[in-house]
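Work through the following exercises with the sequence and the coordinates at hand. Each one sets a task and is followed by a solution in steps.

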Amino acid sequence: MTDRSPAPNAPAVRLHQVSKTYDLGTVGVAAVHDVTLDIPSRRFSVIVGPSGSGKTTLLNLIGCIDTPTAGTIEIDGRSVAALTDDALSDFRAHHIGFVFQTFNLIPVLTAYENVEYPLLRLGLTPARRQELTLGMLDAVGLLDRADRRPNQLSGGQKQRIAIARALVKSPAIVLADEPTANLDSHTGAAIIALMQRMQAMSRTTFIISTHDGQLMSHAEETYHIRDGALES
Amino acid sequence: MKLFTIARRNIRRNARRTALTTTAIAVGVVALLLFGQFVITTVLGFQTNTVRRTGHLSVFHAGYFDFGAGNPGAYSIADYQSVMRLIQDDSVLGALADVITPTVTLYGIAANAQIDATKTFVGSGVVPADRARMGRWNEYHLEPAHPDSGLSDGDISRGVVGVGLARVLGLCHDLAVPRCPAPPVTTATGADAPAAVTNVSELSRRETGTPAPGGARLDLLAATAGGAPNVVNFVVTRADPQGVKELDDAYLAMHFALAQELLYGRGAHEAVAIVLQLHRTEDLARAKARLTGLLAAHHLDLEVRDFGELVPFYGQVIGLFGAIFSFVATIMAIIVLFSVINTMSMSVMERTNEIGTVRALGLRRRDVRRQFLLEGALLGVIGATAGIVLAVLCSILVNRAGLHWMPPGQSAPVPLRLSAAGIVPLIGGVWTGLVIMSTLAALLPASRAARMPVVDSLRHV
């Protein structure tokens with residue numbers, strides 16, 4: 001679990017001249033181009049842009065599941081450029097939580113087991129895991145659905161479980177890629193409210209990519225991206 | 001990491017695919033186990049018959065194995081009783097050996113004076129009581145004990161011949177041998193007539209002076225160790241099929257004392273070999289080494305041969321069945337391999353997004369690889385275990401079906417039985433082999449899953 005003692009006013013994420021170009025045979029496509037950006041810690045930040053603007057690529061780079069073709073990235077004060085694949089896995093396991101557009105729960109695990117899953121890599125005792133998992137399920141209001149499989153849950157419930165899974169290990173950063181895109185507006189609003197409440201409660205840095213106007217209106221920080229570059 | 005839980009639930013989730021794959025594995029196990037049982041039963045049955053006939057180890061005069069067939073008398077063991085005592089008194093060999101008995105092997109001409117028929121024979125002189133005991137050897141509880149050997153300790157003139165020899169010498173009617181035609185009547189006269197046989201018969205009658213007891217009578221002519229012709233009367237009590245035509249046409253078993261009398265005449269009675277039958281075949285190498293060392297320590301010019309050397313056909317049968325089993329095992333392994341590769345590849349493809357998710361949550365590549373390897377292994381465990389249960393049921397059915405077959409080296413059909421002897425190592429080997437094969441088959445899809453870039457996996461729909 002993340003040690004919460006960052007330097008005062010230190011950004012949670014620091015990108016310096018970051019580019020990501022996809023090699024499509026003879027043509028290189030720049031998904032992110034020369035992005036320099038500091039995202040403050042413990043804030044509810046939103047990256048906004050139209051489809052194909054590079055939001056998801058930027059989020060993937062911050063989440064250490066993709067590597068930049070140029071530039072440096074610091075997460076929670078640590079440069080991730082030189083980390084090996086195993087070290088990046090360990091880093092993600094400890095410091096980063098993910099919420100996906102399509103929920104991405106493990107279908108054969110129950111809601112409880114899905115939330116507990118990230119804790120299994122942290123070397124906690126079973127009792128501590130249970131305590132954290134039940135606490136998080138309670139926080140997202142799904143304690144009574146703990147033994148349900150994902151296919152027995154509604155879209156909103158699945159996303160609540162995904163949020164609980166992202167937060168259960170108290171990561172430095174939670175990255176959410178279009179978390180309301182697959183939900184109706186009513187459920188989407190509930191999820192936004194939940195994320196805000198959880199962010200306020202945990203003081204975790206939330207970075208959300210979206211083009212949902214409802215979500216943008218709740219942002220503490222908003223970053224606009226177009227054609228792979230930040231708009232000032 | 002809940003690897004086992006996820007593996008187990010994924011296997012259950014894809015029930016139809018799992019059923020197909022595990023059925024393929026189970027069928028492989030059934031085929032291998034049934035055929036393996038059949039091979040084991042055949043080989044052990046063959047071993048039982050061979051050991052009953054030749055014992056486990058034979059002690060010969062040095063050089064007998066290579067040259068003695070042409071002149072057994074010259075390669076005999078002179079003081080064989082002392083050698084037998086030496087072996088019996090050895091603390092190790094005495095405990096390992098069940099029977100220690102002398103034998104004489106000789107070659108000669110058998111004649112039926114009544115129809116003027118002659119035939120060369122290969123004679124085996126044995127101690128009837130010892131031979132009867134050897135015939136009861138049944139380490140694997142496979143074959144019924146050999147019936148009465150047809151020899152008698154009290155009457156050295158009685159013995160047994162092969163059915164082929166009985167047929168050639170016209171003994172079928174006297175011995176009531178089934179499916180054994182009488183020889184055609186010949187009208188040879190003059191120079192072609194077997195005048196010598198008549199002379200042999202007369203010579204025999206002159207030398208022994210005693211009539212043989214009831215039964216088909218033969219005169220046996222052989223050269224003594226000194227080179228002189230010698231004749232004895234022989235009463236055939238029975239004809240036994242020998243399984244191999246060449247042996248069947250020449251085989252003749254007689255009392256050890258009669259064989260000595262025929263081979264050594266009035267000279268010192270020796271033995272051609274000393275046969276050891278062990279309690280257990282697994283002691284063979286140990287007993288052979290001990291016996292060789294013992295003979296060398298006493299400066300005896302003797303050599304030790306095991307039954308595999310004396311009966312090369314035994315090794316050939318084992319080799320043949322081993323090769324067939326390996327072939328079947330290879331086919332089954334390939335079927336399992338492709339079946340599991342196909343199943344696991346589909347699983348990886350379907351769960352690409354899940355692979356990306358768990359990698360994003362912090363699983364390392366090797367954790368993903370381990371996950372799919374475990375699922376492959378689990379498929380193998382389920383299929384192989386089900387296969388064992390099915391194989392046991394099939395084995396019971398086969399044993400109760402009353403089927404018969406003709407094993408190699410046998411002269412008559414025997415019940416087809418799949419023995420439980422040696423089944424535990426076979427089950428263990430087949431189970432382990434197919435589980436390993438199943439796990440290895442999952443290696444390729446598992447490695448592919450582990451190598452997937454996280455972002456690409458998450459994009460997969």
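**Exercise 1.** Classify A:Arg226 as buried, partly exposed or exposed, and state which residue its side chain meets in a salt bridge.

*Solution.* Keep in mind throughout that the model is a predicted one. Begin with the accessibility: A:Arg226 has a relative accessible area of 45%, and since buried means under 20% and exposed over 50%, A:Arg226 is partly exposed. Next take the partner, which is A:Glu231, with a distance of 3.1 Å from N to O. Finally, apply the accessibility step to A:Glu231, which at 38% relative accessibility also counts as partly exposed.

**Exercise 2.** Find out which residues of chain B are joined into one network by salt bridges that share partners, and how many salt bridges a search of the whole structure finds over all chains.

*Solution.* Extending the search to the whole structure then gives 32 salt bridges over all chains.

**Exercise 3.** Describe the salt bridge between A:Arg14 and A:Asp38 and the one between A:Asp66 and A:Lys20, giving for each the location of the partners and their accessibility.

*Solution.* In the salt bridge of A:Arg14 with A:Asp38, the closest N and O atoms are 3.3 Å apart. A:Arg14 belongs to strand β1 (residues 11-24) of chain A and A:Asp38 to strand β2 (residues 27-40) of chain A, so this pair ties together parts that lie 24 residues apart in sequence. As for accessibility, A:Arg14 is partly exposed at 36%, and A:Asp38 is partly exposed at 37%.

Turn now to A:Asp66 and A:Lys20, whose side chains meet at 3.2 Å, N to O. This pair links distant parts of the chain, 46 residues apart, with A:Asp66 in the loop between α1 and β4 (70-75) of chain A and A:Lys20 in strand β1 of chain A. Here A:Asp66 counts as buried at 13% relative accessibility, and A:Lys20 is buried with a relative accessible area of 9%.

**Exercise 4.** Explain why helix α1 of chain A can be called largely enclosed by the rest of the structure, and then characterise A:Cys64, which follows α1(A).

*Solution.* The helix spans residues 55-62, and because seven of its eight residues are buried, helix α1 of chain A is largely enclosed by the rest of the structure. The buried residues are A:Lys55, A:Thr57, A:Leu58, A:Leu59, A:Asn60, A:Leu61 and A:Ile62.

After the helix comes A:Cys64, with a positive phi near 60°, in the loop between α1 and β4 of chain A. A:Cys64 is buried, its relative accessible area being 4%. Leaving aside neighbours within four places in sequence, A:Cys64 is in contact with A:Ile75, A:Val80, A:Leu88, A:Phe91, A:Arg92 and A:Ile96. For one of these residues, A:Val80, which is 16 residues away along the chain, the C-alpha separation from A:Cys64 is 7.5 Å.

**Exercise 5.** Characterise the contact between chain A and chain B by its buried area, its residues and its polar pairs.

*Solution.* The size of an interface is often given as the accessible area lost when the parts come together. Chain A and chain B bury about 2,400 Å² between them, with 57% of it on carbon and sulfur atoms. Of the area that chain A buries against chain B, 25% comes from A:Val108, A:Tyr117 and A:Arg121, more than from any other three residues.

Counting residues, the contact takes 26 from chain A and 24 from chain B. Between the two chains there are six salt bridges, and the side chains of A:Asp85 and B:Arg365 meet in a salt bridge at 3.2 Å, N to O. The polar contacts come to 14 residue pairs between chain A and chain B, both residues being at pLDDT 80 or more.

Then assign the side of chain A that touches chain B to its helices: α2 (85-95) and α3 (111-116) of chain A each supply at least two residues, and α2(A) gives the most, with six residues. By residue type, this side of chain A divides into 11 nonpolar, four polar and 11 charged residues.

Methods
Residues numbered from 1 in each chain as written. Chains lettered and ligands numbered in written order. Predicted model: local features only at pLDDT ≥ 70, side-chain atom pairs only at ≥ 80, totals over all residues. Heavy atoms only, no water. Buried < 20%, exposed > 50% of the residue type's maximum accessible area, 1.4 Å probe, protein only. Helix = DSSP H or I, 4+ residues; strand = E, 2+ residues; numbered from the N terminus. Salt bridge = Lys/Arg side-chain N within 4 Å of Asp/Glu carboxyl O. Contact = heavy atoms within 4.5 Å. Buried area = accessible area lost by both parts, 1.4 Å probe. Polar contact = N/O pair within 3.5 Å; in protein donor to acceptor, adjacent residues only side chain to side chain. Nonpolar A, V, L, I, M, F, W, Y, C, P; charged D, E, K, R; others polar.
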